[in-house]
Amino acid sequence: MRLIYSLIMLSLSLVAYGQNFPTTRYENSGGKETPTYPEIIEWWKKMDALSPYIQMKEMGPTDAGNPLHLILISWDKDFDIHSIRNKKKTIILINNGIHPGEPDGIDASRLLTEEVIDPKHHLPENVVLAIIPVYNIGGTLNRSANYRVDQNGPEEFGFRGNSQNMDLNRDFIKCDTKEAQTFTKIFHEVDPDVFVDNHVSDGADYQHVMTLLTSQHNKLGGLAGTFLNEIFDPALYVGMKSFGWDMVPYVNHFGETPDHGWNQFWDSPRYSSGYASLWTTFSFVPETHMLKPYQQRVEATRDLMKCFIAFTSAHAPEILRIREQTKKQQLVQKQFPIAWKWNRSAFTEIIYKGYESGYKTSEVSGLPRLFYDRNKPFEKKVPFYNVYTDTLTVQKPKAYLIPQGWYKVIERLQANHVQLRRLTKDSLLEVEAYKIESYQSAPRQFE
């Protein structure tokens with residue numbers, strides 16, 4: 001009987017950790033296609049049933065009417081966040097498909113999961129992964145081969161806007177969509193130490209497959225900002241180099257081409273990384289390049305997530321200590337900077353691998369258009385301006401008074417666990433008030 005039991009367990013082990021994972025059209029097409037939304041969710045359901053290290057949860061509604069899912073991957077099979085925190089484990093939250101025309105993270109997270117539940121090279125015991133498999137469900141369901149027509153695969157993918165045609169990566173602090181409201185619930189329940197939001201970039205052509213938008217370290221501030229800028233961020237570039245990827249900061253060039261360098265992207269709290277930074281979470285937005293083959297982009301995204309796991313595991317005590325210290329310090333802090341500008345005299349030099357550019361006649365308009373010549377690659381040092389100086393500081397008040405009719409503000413503060421207390425009777429108070437002195441709308445439409 002014991003022999004039969006052992007053979008059954010061995011058989012189950014081979015199924016779970018061999019090559020018999022459920023596949024999708026990504027694997028079946030040789031990396032040229034990405035699965036549909038129902039196929040993605042079905043894959044995760046199968047993996048949840050197959051592996052004891054995976055738990056799939058429904059977390060709340062979206063504008064599309066479908067629930068937003070959260071995947072937890074834990075090597076000791078503990079999926080209780082409170083218990084995970086008591087064990088001093090670190091949590092990495094990964095968001096995918098916020099722009100469904102950029103599905104790299106959707107497939108990369110599946111490939112990563114197959115690796116980290118394999119006992120041969122499993123997820124470190126002091127790291128728990130939390131994965132949102134698809135964030136913009138409405139946009140993913142709105143699928144076509146005719147979106148982002150210059151992109152080099154996959155063959156079909158979703159639309160940028162959600163079911164309200166909103167750009168979800170502009171909605172984190174204002175929270176106008178059900179997706180953002182559910183994300184807020186997920187974020188505060190998980191309280192991630194590291195946040196990764198996978199994207200795909202367009203714009204200039206260059207040799208790099210992966211670029212990385214790191215949340216601005218001066219805005220994060222203090223010990224956390226120093227650790228992010230001097231230790232965490234550089235280690236990711238070293239890690240990616242070991243995988244064979246030459247990564248550069250997100251190409252946010254201010255000239256016609258990136259040849260003369262660029263300043264670090266300013267991620268305000270309307271963006272995912274800027275929002276996460278408000279809570280002292282180390283936040284990143286990987287951006288693969290749309291002109292590179294899809295399979296190559298997916299593999300680069302997977303490898304970067306492996307770098308996040310390796311660093312977070314190796315520095316877990318330090319990450320937890322810095323976050324805890326920063327939160328305690330903020331409770332007694334008297335002044336807070338709320339506006340910054342980039343310092344044009346402070347920069348570091350980075351190696352940029354680009355292509356020479358020029359002009360040729362457009363076959364569409366007959367007018368000159370910019371093009372990049374891939375037969376003329378180059379490598380040069382360019383300045384990267386990643387130092388920002390605060391321009392406005394406010395004194396922390398004893399409290400803010402919110403008119404009762406401003407219920408939308410109240411709801412968003414409550415969703416973010418901000419403590420509120422209702423006045424129990426009419427009160428006469430001497431206060432300071434902000435006043436909008438002038439307002440002018442943007443001269444051009446945006447998004």
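Select aspartate 246 first. In this predicted model, aspartate 246 is partly exposed, with a relative accessibility of 28%.

Next, select aspartate 78 and lysine 87. Which of the two is buried, and which is partly exposed? Aspartate 78 is the buried one, with a relative accessible area of 11%. Lysine 87 is partly exposed at 42% relative accessibility. Between them is a salt bridge in which the closest N and O atoms lie 2.7 Å apart.

Move on to arginine 302 and aspartate 303. Their side chains meet in a salt bridge, with 3.2 Å from N to O. Aspartate 303 is buried at 5% relative accessibility. Arginine 302 is buried too, with a relative accessible area of 17%.

For a group of residues in place of a pair, select Arg85, Asp191, Asp193, Arg323 and Lys327. These residues are linked in a network of salt bridges. How many salt bridges does the structure hold? The count is 31.

The remaining stops are cavities. There are 2 cavities of 30 Å³ or more. The largest cavity has a volume of about 120 Å³. To find the largest cavity, select Thr214, Asp233, Gln264, Phe384 and Asn386, which are the closest to its centre among the 15 residues that line it. Then colour β7 (210–214) and α9, each of which supplies at least two residues of this lining. Which element gives the most to the lining of the largest cavity? That is α9, with 4 residues. By type, the lining of the largest cavity holds 8 nonpolar residues, 6 polar and 1 charged.

The last stop is the second largest cavity, with a volume of about 50 Å³. Select Thr34, Pro35, Ile40, Pro100, Pro103, Ile106, Thr140, Arg143, Phe157 and Gly158 to show its lining. The residues lining the second largest cavity divide into 6 nonpolar, 3 polar and 1 charged.

Notes
Residues numbered from 1 in each chain as written. Predicted model: local features only at pLDDT ≥ 70, side-chain atom pairs only at ≥ 80, totals over all residues. Heavy atoms only, no water. Salt bridge = Lys/Arg side-chain N within 4 Å of Asp/Glu carboxyl O. Buried < 20%, exposed > 50% of the residue type's maximum accessible area, 1.4 Å probe, protein only. 1 Å grid on protein atoms, 1.4 Å probe; cavity = no way out; pocket = protein on both sides within 12 Å on 5 of 7 lines; lining within 4 Å. Points joined across faces, edges and corners; volume = space filled by probe spheres on them. Nonpolar A, V, L, I, M, F, W, Y, C, P; charged D, E, K, R; others polar.
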